[in-house]
Amino acid sequence: MKSLIAKVGLISVVLLGAAVAAHAAGPTPEQQQRHLQLFHEGQALWPIYCNHCHNARNPAEFAPYQWDQIIMHMRTMENLPPEDEDAILEYLKTAR
Amino acid sequence: MVRTHHLSILTIGVLVSVALTLVQPSRARAATAADPAATPAADPAEAKPGAYTRLLRELEAERRHMREEERRHEEEEAAERKRIDALEKEVGAINNANTQLQQAQTTLQNTNAETAKQVSQIQKTVGSELGPFGFGDRINSFLGQHTFTMVGGVSAGFYYDRKAEMNQPVLDFEVNPMIRLNDWIQFYSSFGATLQPGGISDMGPSLANLQIFPLGQEEPLELVAGLFDTPLGDWFENQSPNWVNPFITAPLMYGAESIAPPSAMGLQARGGIQWGTLGQDVDYTLWIDSGPSFESSPGVASIPAPVIGEALNPLTGTNIATNGKGFGARFRFFPIPISKDLGRLELMASTYNGKWLDGLWYNAWDVGYAYRVGPFRTRGEWAQTYRQMPSLSGAAMYPGCCGHENRQGWYAMAGYFLYGIPHPYLGDWLEPRFNKFEFLVRYSGVNQRAILANDISTVPVFSFNGSPSVYSPHAREVALALDYWIAPSIVWQSEVDWELPRRGGTLYNFVGTSSVPTASAINATTNDVAVMTQLAIGF
């Protein structure tokens, strides 16, 4: 019984340590490059896709958390491909 | 030095000329006294005074020239002194600015050092903290943000219709609460009120649905469950909000005599994928719902019996239990890549089919396009619907009752922002205002077998110009609009509609409590014109 508790405790500590380490590491250069690529794609898509139905709204009109919701809705209404949604959202949240 | 030299020459010249002046007259007098017969011209001494005088004049001219030179030099020297003074002042100002810059640089260096120290301390704190922050962040990212946002639109305007002789203010207000429960479920709804003949309508929901990402946001599958805009064509979903529609009115096929149901209760599956490069997409929308509803449908029964020409209902909550069912599909194709810089083109086809009264079919087909590039945009649709009518016999029969109902509707519109027109001489004040104008034109029409007199309204309400000529079996409309876009979602619109209905068709009318309509032929419906202006704000 003691052995089982020790194993479970050890596994828990390892998992918790891995989670903390992953969080403390911050974005890698690859992730930063990915964000930059998404931003540029979003910058190109935003005026084209939004203007298709209505005038493109200014990124500064809404807070980032609001853009999360609005783009979730607009993706549904306009059937945006997931990667295009990611790019437009990255642009709108960053270009404020 | 030069001036001193000139002065010396001048002084000597003056002295010589004075001496010569004094000597010459005495010599001349002496010569005349010694030889009275001698003529002045014959004596060389007689010519000398003239030469001296000439020399004296030349010297005087030279003196004046010297003085002018001296004055000019003095003026130049004074100007030089002024310039030197101004330069000295500028040098002083630069020295002051340089001192201030050095002080600012020193302050910045101190601040940077302090900031670096603080960042270092924070990094140490974060690095050494083994609290639940990372674990909590991961839990939050899984469960979502639990956020609430409200968007919507409001519009107010004034409509006039000549044939109805009606002036009417209009108001429409709509809010869209969005509640994001987590990363894969969001609730979306629409509550609105409209100014109507009886006053402002009750604030009620016109949309209420859950938007669900069952496979996560990285997969092209979304579910929409609840009350939603009918995805037949693009109009109801994408163009109907008051600040999105560039016209004040709806095209005839989606307006007062709509040939498709505006909303439905059901379940959608939809998504889009990129089939080529960036911008080349294809998307799908599949849905099942509660089926189309007409005025005579159970639960509504605003007219006593089914009749050709009766209007379709929006889903209001009073007509959910219809025993109807419907299913539809829409596919859209976007062929132009972003990199071509040729704008965005959409090609669309959709269908909607269902049972509207137990086993009676309703079928609809719609094809359309939309294109926008730079200041130009255009879109259009063509739709055809079929409705199977009940078999009537005996007293229930009415003239023309026993065929089926077919309707066609179409519209095409184009708009152009004036910023696309070269206008180099408008000036700083006028140019940005000129750029915000958009000129639009739209042609729309509907063909159907009959119109119901009980449906005809001549009171303008939001999105309807109040013209009775719209209620014609073969309605046609030309709309011209001039929009001034104050901001991307704030527009002041002005529109003129010409109603140009064709002759033909039948007018049905339920008189009193009769369940059988009377019928009369519609020969010619007069043309009409309506003028409208409206401010629409999206927020």
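# Reading a nonpolar patch and aromatic pairs

Biologist: Which residues make the nonpolar surface patch of about 650 Å²?

Modeller: The patch is made by B:Phe148, B:Met150, B:Phe173, B:Ile179, B:Leu181, B:Met203, B:Leu210 and B:Phe539. Two elements of chain B give two or more residues each, namely strand 1 (147–161) and strand 2 (166–182), and the largest share, 3 residues, comes from strand 2 of chain B. This is a predicted model, in which local features need pLDDT of at least 70 and side-chain atom pairs count only at pLDDT 80 or more, while totals for chains, interfaces and linings use all residues. Residues are numbered from 1 along each chain as its sequence is written, chains are lettered from A and ligands numbered from 1 in the order in which they are written, and side-chain values use heavy atoms, with hydrogens and water left out.

Biologist: What makes a patch, and what is a strand?

Modeller: Patches take residues with over 30% relative accessible area and no salt bridge, joining like charges within 9 Å and nonpolar side chains (Val, Leu, Ile, Met, Phe, Trp, Tyr) within 5 Å. A salt bridge is a side-chain nitrogen of Lys or Arg within 4 Å of a carboxyl oxygen of Asp or Glu, and accessible areas come from the Shrake-Rupley method with a 1.4 Å probe, where for residues only the protein chains shown count as cover. Helices (H or I, at least four residues) and strands (E, at least two) are DSSP runs, numbered from the N terminus.

Biologist: Is B:Leu181 buried, partly exposed or exposed?

Modeller: Buried means under 20% relative accessible area, exposed over 50%, and partly exposed in between (1.4 Å probe, protein chains only). B:Leu181, in strand 2 of chain B, counts as partly exposed because its relative accessibility is 38%.

Biologist: How many aromatic pairs are there over all chains?

Modeller: A pair of aromatic rings is described by the distance of the centres and the angle of the planes. Rings of Phe, Tyr and Trp (its six-membered ring) pair if their centres lie within 6.5 Å, and planes under 30 degrees apart count as stacked, over 60 as edge-to-face and the rest as tilted. The count comes to 17 aromatic pairs over all chains. One of them is tilted, because the rings of A:Phe39 and A:Tyr91 have centres 5.3 Å apart and planes at 50°. This pair links distant parts of the chain, 52 residues apart, with A:Phe39 in helix 2 (residues 29–51) and A:Tyr91 in helix 4 (residues 82–94) of chain A, and A:Phe39 and A:Tyr91 are buried.
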